[in-house]
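Let's walk through this structure together, starting with the whole chain and then moving to its parts. Keep the viewer open as you read.

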Amino acid sequence: MLRAGLAKLRYLEKEFASLDEAKRPKMMVVCEDTGVTPLVSDFLREEGLSDDDILTVDSNRQGDVGEKEWNKMKGKLFAVDKREKPRVIISVLMLREGFDVNNICVIVPLRASNAQILLEQTLGRGLRLMWREPEYRETKDKARDQLIVEKVEPCAVLDFLYIIEHPAFKEFYDNLVAQGLVGTQKTKDRDGGGKDDLVHSVLKEDYENWDIFWPLVRRESEEILSDEALPQEGLEPFTLYPLSRLREIFARPGEVFVGKELLVRTTFGEYRVHANLFNATCYNEYIQGIVDSISRRFMRIAGKQTSAMPALQIHLAKIAAVVDRFIRERLFNEPFDPFSGNDWKILLCRNGTITNHIVKQVGELVYWIENKTLKTQADVDRLWFSSVRDFVVRKGASLELTKTIYTRTGYPTKGGGLEKDFMEFIDRDGGVERFVKVNEAKHIFARIAYLRTDGLMGEYIPDFLVVTEKHVWLVETKAEKDKDDGNVQAKRNATVQWCKGINALEKEDRMNRTWSYLLLTDKDFYAYQDGNATFHDLCRFSEVTESGLKGEFTF
């Protein structure tokens, strides 16, 4: 039994290594008691295994070794998926202690127990999936059907658990076979028989000639207010009365000032000077009131009602500094200290004349700030499809094409006829420069967010990117019967908007081309193909545009 298990393990190691060197199958030997485990270890060494190839783990050993060594031993067990060694795990009572190992592919049960729970625990050690990637799904489904349904030799052994039959478990195995849960393999292993026709598709030597990048926008381009110094030269002084005359009138002690609401109209908009501005008890509050007044736009909201709405929410400190400097240096054409005597009362004159003048002058700055904007450049990452250097495809369901970066391009074995025919069509079309078939499992960056019909967020992955002289086309191939599906329409709308955003980028961030969306049904494709149409003809007919979505047409 041990020799049979080792033979199967070596076969699986060879087959798996040709697909993915990181996939390392393991064999588990389940012993009767701890007295048997040394004998099993010695036998495996005689068969050519090294000490590092063998790991013995059972609960009874915990009392024979120190806690540190025991934890190290268990840590090594739980990490077997990631390491080449050990290759064989010998266990007694560890079956009762769950451990998360995916790579157990061969089990040799040396325990002669008829307990149902023990048999189920034995099988459970190897039922975790090892080949979880989507590209292996079709091959695994095909192999499982061949073994269990068709009763023939499977084309592959991915995620197969091999149990070397023990006479004591025969009835248990027969029941599983009768239920269609397991199958038996009596033929000899053959080279290449463990992985069907799975092969690696890798980058071509001249892949750079056919490469395409996906623009990932990390930060959108936006207009921001200029951070330049605010101009003050155009602020006109108050010349209706000289400062000396204003002191005589307004800067007398004991004077009582009455606040008055004032609406100031200028060429740059409407600004309200609130009544509480004139009740300011200190200069700082006065400055703050000026800033608050000119940074709010007084506008009609609904009907005849008007409200003050924020017009500017940054640079307020700079505006306050300009107001202060204007008052102290230019307002009266001579230096002015609002903290000297009662001079500050001049600013709060009864009719608001001085405040009105300040608001008019400094308010011009708001207009200047609002119209002095800078456009920032979008932050864009160019994610090249060649960053994925290889992946697995089925040789019988893939093509060797010219205008793409990979040696082979796969398509679904079920319902993939349209994709296959489309790839052959664009590969020979003179107007197509290059293209790539997006691999959903590998090109994880090529995704567009959309809102599903159930209200949840989803991610859409286009089938192809096709590059022509002036365009990059995102192409979705779809059966005619599915084109009006709600989620298909949601993906379509989201992609059109995504392309609109991409086309707003700098030309070099979008391959110096316009990005567009093509929803191509099998009915339309084959009709145009039969009519000797070009890819350009297909695009003219099937392009999805924003105006088309809105029901607008241009000629």
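A residue is called buried when its relative accessible area is under 20%, exposed when it is over 50%, and partly exposed in between, using a 1.4 Å probe and protein chains only. By that rule, buried residues make up 45% of the 555 residues in the chain. Please keep in mind that this is a predicted model, in which local features need pLDDT of at least 70 and side-chain atom pairs count only at pLDDT 80 or more, while totals for chains, interfaces and linings use all residues. Residues are numbered from 1 along each chain as its sequence is written, and side-chain values use heavy atoms, with hydrogens and water left out.

Here is the overall picture. The chain has 16 helices and 24 strands; these are DSSP runs numbered from the N terminus, with helices being H or I over at least four residues and strands being E over at least two. A contact means heavy atoms within 4.5 Å. Among the contacts with a separation of 6 or more, 73% are between residues 24 or more positions apart. The chain exposes about 29,400 Å², with carbon and sulfur atoms supplying 48% of it; accessible areas come from the Shrake-Rupley method with a 1.4 Å probe, and for residues only the protein chains shown count as cover.

Now to the sheet. Two strands pair if DSSP finds at least two bridges between them. Which strands does strand 4 (residues 104-109) pair with? Strand 1 joins strand 4 in the parallel sense over five bridges, and Lys26 stands opposite Ile104 in strand 4. Strand 5 is also parallel to strand 4, joined by two bridges, with Ile107 opposite Ile163 in strand 5. Six of the six residues of strand 4 are buried, so this strand is largely enclosed by the rest of the structure.

Ala22 is partly exposed because its relative accessibility is 46%. Its C-alpha is 8.4 Å from that of Arg83, although Ala22 and Arg83 are 61 residues apart in sequence.

Charged pairs come next. Side chains of opposite charge can pair when their charged atoms come close. A salt bridge here is a side-chain nitrogen of Lys or Arg within 4 Å of a carboxyl oxygen of Asp or Glu, and the count comes to 27. In one of them, Arg3 meets Glu47 at 3.2 Å, N to O. Arg3 lies in helix 1 and Glu47 in the loop between helix 2 (37-46) and strand 2 (54-57), so the pair ties together parts that are 44 residues apart in sequence. Arg3 is exposed at 54% relative accessibility, while Glu47 is partly exposed at 24%.

Another salt bridge links Glu133 and Lys23, with their closest N and O atoms 3.1 Å apart. Glu133 sits in the loop between helix 4 (116-124) and helix 5 (137-149) and Lys23 in the loop between helix 1 and strand 1, so this pair ties together parts that are 110 residues apart in sequence. Glu133 is partly exposed at 25%, whereas Lys23 is buried at 12%.

Finally, look at the nonpolar packing. A nonpolar core is a set of buried Ala, Val, Leu, Ile, Met, Phe, Trp, Tyr and Cys residues joined through side-chain atoms within 4.5 Å. The largest has 39 residues, and those with the most contacts inside it are Trp214, Phe385, Leu465, Leu474, Trp498 and Trp515. Among the elements giving it two or more residues are strand 7 (213-219), strand 22 (471-478) and helix 13 (486-502), and helix 13 provides the largest share, seven residues. Leu474 touches residues including Trp214, Leu465, Trp498 and Trp515, not counting residues up to four places away in sequence. Apart from this core lies another, of 35 residues, among them Leu19, Met27, Ile90 and Phe160.
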